[in-house]
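Here is a short report for a first look at this structure.

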Amino acid sequence: MPRFKMVDGVSIQLTADEETARDNEEAAWAAGENGRALAGMRETRDRLIAETDFYALSDVTMSSDMTTYRQALRDLPSGKTTKAHVDGATWPTKP
């Protein structure tokens, strides 16, 4: 199925070279899906850990539940290699 682009308000069919370039762009985007999903998971995980960092200060006693929660967050990305793994991950519940 041919693809088109807009040039000065006119719809023009892509050339064969432009079609190939677009196909390559789409393939590269699809190939990066797992990496983007894992990066998003790590970003969320890092934010959740940062929200509990004050419990790790020397003048605060961290409960064993909080220690377990923080460790579960650190362990979360382990073994996750695909977007499906990331989407199916069970996030720990903050105590």
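## Strand pairing

Met-6 has Ser-11 in β2 as its bridge partner. Lys-5 stands opposite Ile-12 in β2. Strand β1 covers residues 4-7 and strand β2 residues 10-13; they run antiparallel and are joined by 4 bridges. Strands pair if DSSP finds at least two bridges between them. Strands (E, at least two residues) and helices (H or I, at least four) are DSSP runs, numbered from the N terminus.

The hairpin of β1 and β2 has 2 residues between the strands. There, Asp-8 takes a positive phi near 50°.

## About the model

This is a predicted model: local features need pLDDT of at least 70, side-chain atom pairs count only at pLDDT 80 or more, and totals for chains, interfaces and linings use all residues. Residues are numbered from 1 along each chain as its sequence is written, and side-chain values use heavy atoms, leaving out hydrogens and water.

## Helix packing

Helix α1 (residues 16-31) packs against helix α2 (residues 33-51) at an angle of about 40°, with axes 4 Å apart. That makes α1 oblique to α2. Angles under 35 degrees count as roughly parallel, over 145 as roughly antiparallel, 65 to 115 as roughly perpendicular, and the rest as oblique. Axes are lines fitted to C-alpha atoms, for helices over the stretch in contact; angles run from 0 to 180 degrees between N-to-C directions.

Trp-29, Ala-30 and Ala-31 in α1 meet Glu-33, Asn-34 and Arg-36 in α2 (contact: heavy atoms within 4.5 Å).

## A charge over a ring

The charged end of Arg-36 sits over the ring of Trp-29, 3.5 Å from the ring's centre. The rule asks for NZ of Lys or CZ of Arg within 6 Å of the ring centre and within 35 degrees of the ring normal.
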